Amino acid sequence: MNSGELYLASFYFAVTTITTVGYGDVSITSKLEKVSCIVIMLGGCITFAFASGSLASIIQQFDDNKKIYDE
């Protein structure tokens with residue numbers, strides 16, 4: 001493996017570990033598969049973070065409206 005392939009492999013394993021997806025039973029063989037998996041995993045994390053933030057914002061608005069009503 002040349003240095004570019006080594007960096008890609010190490011970045012793939014770092015992203016897989018950080019996103020807690022796991023390595024699974026299917027092994028990644030090509031560079032295209034590694035890049036697509038990295039994009040999908042990071043996209044999933046961003047989507048989950050956005051959904052969690054939106055839900056927290058909605059809950060906070062309900063609490064604010066209830067506080068105003070109670071006053």
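Of the 71 residues, 13% count as buried, where buried means under 20% relative accessible area, exposed over 50%, and partly exposed in between (1.4 Å probe, protein chains only). Residues are numbered from 1 along each chain as its sequence is written, and side-chain values use heavy atoms, leaving out hydrogens and water. Because the model is predicted, local features need pLDDT of at least 70 and side-chain atom pairs count only at pLDDT 80 or more, while totals for chains, interfaces and linings use all residues.

As for overall form, the C-alpha trace spans about 70 × 25 × 15 Å along its principal axes. The radius of gyration of the chain is 20 Å, whereas a compact globule of 71 residues would have one near 11 Å; the radius is taken over C-alpha atoms, and the globule rule is 2.2 Å times the number of residues to the power 0.38.

The chain contains two helices and zero strands, assigned as DSSP runs numbered from the N terminus (helices H or I, at least four residues; strands E, at least two). The largest nonpolar core consists of five residues, namely L8, Y12, V15, I38 and M41. To this core α1 (3-18) and α2 (31-70) each contribute at least two residues, and α1 gives the largest share, three. Such a core is a set of buried Ala, Val, Leu, Ile, Met, Phe, Trp, Tyr and Cys residues joined through side-chain atoms within 4.5 Å. Beyond its neighbours within four places in sequence, V15 is in contact (heavy atoms within 4.5 Å) with I38, M41 and L42.

Two further residues deserve a friendly look. T20 sits in the loop between α1 and α2, and its phi is near 55°, a positive value in a residue other than glycine. T20 counts as exposed because its relative accessibility is 67%. E5 belongs to helix α1 and, at 24% relative accessibility, counts as partly exposed.
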